[in-house]
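Visitor: I am new to this structure. Could you show me how to read its features?

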Amino acid sequence: GKRLAAGLPSGPGAPGAAARRRPAGGKARAGGTAPGRGWTLRGAAPGAALLGSAVLVGGLLGWSLPGGLQGGAEVLARGSEAVRDRFVEVACSGDYGAGRRFEGCTPRKCGRGVTDAVITREEAERIRSSEEAVKLNEGGCRRIEKGASLFKWGLYAVSTFSVLCCVLCSDVRRRIQEKIAQTFGISSSAMYLTKPTFFSRINSTEAKTTHDEYWHPHIDKVTYGSFDYTSLLYLSDYAEDFGGGRFVFMDEGSNKTIEPRTGRVSFFTSGSENLHRVEKVRWGTRYAVTISFTCNPDHGIGDPVLT
């Protein structure tokens, strides 16, 4: 997925409802029309690609979309609704056949899912609050203030500023991993956390470099190589905390969107069957955590650890 910040990072807002701000004039604005396929994929450097993580293409199989059309795109999950489990199966791309296959993990069933029943709103708010307290610290889970703010999970020891997240994030990762395994009929023990996995935020600050341009369409497996399954844990609410910033799957002839909701998890297979982008954030700040998984143990990383 990712509440990420493009351009110059914004100052952190207070967690919870008190921090939710709409633009002057009161009424929250719905997202704009998302363009269809036909984009030229750009080679996204890690700073840019971290901002989008969800992919899609292929035909929709047997699911009646409840959301209808909004802003020129079908809504897979609205921010105003609680979604227990929703899944759309799509035909797998050829991205998984070219290299080494891992029994019990390499995708044979592909698609995208959304759930509000794995992580609670309260847990998501605690993660957001905890990570906003993390200061620049070379010895800790660093937040790198360059373009998007990134919480590099799994690459560094955890500082005392983020002990709470160290405990919470490991459990959150486990539950999301189990949900993905159950949905795709694979073994949870055959999946490995991989990098980049990060906390991020996006606001409406103008991009200063191409690394800040998070809105370009991309395919996670192409961008990162190691990804087989991507998930996003949203830490803020569409139309309440920010405008724009919807997650867009780019299908032939149409777009399918997910509106972020605090505690919502979206997940999908990472190949070119799931081309996607994130709409530009027009106001407010969008927060999220991207948690990615690989089937190749050589590309696995560990959970954050206390030292």
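Guide: Start with the surface. Accessible areas come from the Shrake-Rupley method with a 1.4 Å probe. This is a predicted model. For the protein chain, the accessible surface comes to about 11900 Å². Carbon and sulfur atoms hold 51% of that surface.

Visitor: How many helices and strands does the protein chain have?

Guide: There are four helices and 15 strands.

Visitor: What share of the residues is buried?

Guide: A residue counts as buried under 20% relative accessible area. In the protein chain, 58% of the 307 residues are buried.

Visitor: Is Thr-183 buried or exposed?

Guide: Thr-183 is buried, because its relative accessibility is 16%. Thr-183 belongs to helix H3, residues 163–184. Leaving aside residues up to four places away in sequence, Thr-183 touches Phe-87, Lys-109 and Phe-267.

Visitor: And Thr-269: buried or exposed?

Guide: Thr-269 has 0% relative accessibility, so Thr-269 counts as buried. Look for Thr-269 in strand E12, residues 265–269. Now find Val-90, 179 residues away along the chain. The C-alpha atoms of Thr-269 and Val-90 are 9.6 Å apart.

Visitor: How many residues does the largest nonpolar core have?

Guide: That core has 28 residues. Those with the most contacts inside it include Ile-176, Ile-180 and Met-191. Several elements give two or more residues to this core, among them helix H2 (121–132), H3 and E12. H3 gives the most, with six residues. A second, separate core has 20 residues, including Leu-76 and Phe-247.

Visitor: What describes a pair of aromatic rings?

Guide: Two values do: the distance of the centres and the angle of the planes. Here the count comes to nine aromatic pairs. Phe-247 and Phe-249 form an edge-to-face pair, with 5.0 Å centre to centre and 70° between the planes. Both Phe-247 and Phe-249 are buried. Phe-249 also pairs edge-to-face with Phe-268, at 5.6 Å centre to centre and 85° between the planes.

Visitor: Which parts does the pair of Phe-249 and Phe-268 tie together?

Guide: Phe-249 lies in strand E10 (residues 247–251) and Phe-268 in strand E12, so the pair ties together parts 19 residues apart in sequence. Phe-268 is buried, as is Phe-249.

Visitor: Which residues form one aromatic cluster?

Guide: Phe-87, Phe-184, Tyr-229 and Phe-267 do.

Visitor: Which charged end sits over the ring of Phe-249?

Guide: The charged end of Arg-112 does, 4.4 Å from the ring centre. Over the ring of Trp-215 sits the charged end of Lys-280, 4.4 Å from its centre.

Technical notes
Residues numbered from 1 in each chain as written. Predicted model: local features only at pLDDT ≥ 70, side-chain atom pairs only at ≥ 80, totals over all residues. Heavy atoms only, no water. Buried < 20%, exposed > 50% of the residue type's maximum accessible area, 1.4 Å probe, protein only. Contact = heavy atoms within 4.5 Å. Core = buried A, V, L, I, M, F, W, Y, C linked by side-chain atoms within 4.5 Å. Phe/Tyr/Trp six-rings, centres within 6.5 Å; stacked < 30°, edge-to-face > 60°. Lys NZ or Arg CZ within 6 Å of the ring centre and 35° of its normal.
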